[in-house]
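Here is a short briefing to read alongside the model. Please keep the viewer open as you go through the points.

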Amino acid sequence: MTDETTAKPRKGILLKARNGDVIGFDETGLRMNLSDSVISDIGRRLGSAGARVDASVLGDIDAWNVREANGWYVFSARLPGEQGVREFRRLKEAVDDGTPDIFANPTGALFAVLGLGGPRRADTYDVAPRFPFHVVTAGDDLGAAGNSGSEENTAVTHVQTVREQTRDSLIADEIIAQRHADFRALPVIFSRTEADSAASIAKLTTSIGYRNFEQTLANFCAGARVMDLPAKVLSVNLDYVLEDVVSSGDEWRAGMYALMDKVTDLFADHGLRKPLFTTMFDAGTQGVTDTPVLRAQWELSWNHGSHDFVHVAPSYMFGLNEFGRPDQDALIQMTEMEAAAIEAMNADTPWACPLFLLAEREDNGKTIRCRAQAQGTLVLDENDPLSAGKECGFHLMGATNKVKIKEVSIAKDDPCDILIRFDKAPKGDALELAYAIGHAPSSDGMPANRGAVRDTWSMGSRTGQTLYRWALPAVLPVH
């Protein structure tokens, strides 16, 4: 039919297919007939804009605005935790027996904080998380600690909330807490620690624990796909120092490089960017104060090749028992430091503890200048909160005459140099200046190795203490 005054058609068909008209038009504009698959795809992309359902499908919880979308219930709720009223999600149907877990509805990506190391790293703690619906793990009923190298993990595609806490799951919780305090977006973070009792770093890289780490990464990526989110790993926390009782320093260091290479290749296989590796600089225990592996960490701190690697803090700043395990306050402080470092590094903000690089005699023979690399000015903490003494954690090894440290001070001509003045000129052909390593055993609940040198960064801890970036242990030949 045409309009006699304009001779233009008022409706018609522009495109046909064998199964019917595709695009037509009338006086209101274009009209399209979409296939069922296109409609389904639009519904999937709209996500939370699904059909509304009665909140009773979720059970007896304080929830409202429940929508059904792509196999999920998405809803608003007031649930336990410090997150407040937020949007949550839950699978419509359980993957296995029981009721599916509820967790926060993530935006942007599914993030991960992963751990790999010895048995200490997989320790679990009866600590209540502050954001229990924002930290998840693989849906294999193993929890955040995994199998601890006892048997191999299985492949799963869904995630669960965390029942028992590990250091890594508590780091994830702390990252969310720090973001919450700054009114930033709150992510959902996947956490899993894989550990093994291997006796050397070389054996760790081929252990069941490492193979479980491979499966965990695959499970994380599968979980992100099911949630229709990109997968992004915030950090891989390596923790394997005191556990290595057989390697030389060179063997341990080479093993760490090999482990990081292997993990980086694994990430590439899954289409993930190369990981940020984080770790504590292990300063030993109350009785273990000087081993080749403890010393080998120093070179790793400044020479980590092409890897993104950072020593978060020296462990001497935390209360550890004779087995190198933290007390409650130390656990909280560790997670606070690790979370701060991970957040800084992922925001391209430098994070580096002061690192001593060179020890040289001054012209008078009684003074040794210790040169450091640091983010800003060095500080000799006059309050000495770690009880390092007037030597500030320094002592001399290999002297053939008895010498005592008389004074430790910041050099006036360079704020990153420390001057150690002795009562007389030290003698010996193999003098070594040590900081926070090789001290006599302690009995005060703190590691024997400790120091009083830090930079100007600080952060208040919820334990009531102030946290600092203390200098890393070092043993330097005196030139």
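Contact here means heavy atoms within 4.5 Å. This is a predicted model, in which local features need pLDDT of at least 70 and side-chain atom pairs count only at pLDDT 80 or more, while totals for chains, interfaces and linings use all residues. Residues are numbered from 1 along each chain as its sequence is written, and side-chain values use heavy atoms, with hydrogens and water left out. Helices (H or I, at least four residues) and strands (E, at least two) are DSSP runs, numbered from the N terminus.

**A helix pair**

- The axes of helix H4 (residues 208-226) and helix H5 (residues 249-269) come within 11 Å and cross at roughly 25°; axes are lines fitted to C-alpha atoms, for helices over the stretch in contact, and angles run from 0 to 180 degrees between N-to-C directions.
- On the H4 side, the contact is made by Tyr210, Phe213, Glu214 and Leu217, and on the H5 side by Leu259, Lys262, Val263, Leu266 and Phe267.
- By class, that contact has seven nonpolar, no polar and two charged residues; Ala, Val, Leu, Ile, Met, Phe, Trp, Tyr, Cys and Pro count as nonpolar, Asp, Glu, Lys and Arg as charged, and the others, Gly among them, as polar.

**Positive phi outside glycine**

- Asp141 is not a glycine, yet has a positive phi of about 65°, and lies in the loop between strand E10 (135-138) and strand E11 (159-161).
- Asp141 is exposed, with a relative accessible area of 60% (buried is under 20%, exposed over 50%, partly exposed in between, with a 1.4 Å probe and protein chains only).
- Ala436 also has a positive phi, near 55°, and sits in the loop between strand E22 (432-435) and strand E23 (453-460).
- Ala436 is buried, with a relative accessible area of 0%.

**Ser301 and its surroundings**

- Ser301 belongs to helix H6 (residues 292-302) and is buried, at a relative accessible area of 15%.
- A polar atom of the Ser301 side chain lies 2.4 Å from the backbone oxygen of Trp298.
- Setting aside neighbours within four places in sequence, Ser301 is in contact with His311, Leu355 and Leu472.

**Arg462**

- Arg462 is in the loop between E23 and strand E24 (466-470).
- Not counting residues up to four places away in sequence, Arg462 touches Arg130, Glu174, Ile332 and Glu336.

Methods
Polar contact = N/O pair within 3.5 Å; in protein donor to acceptor, adjacent residues only side chain to side chain.
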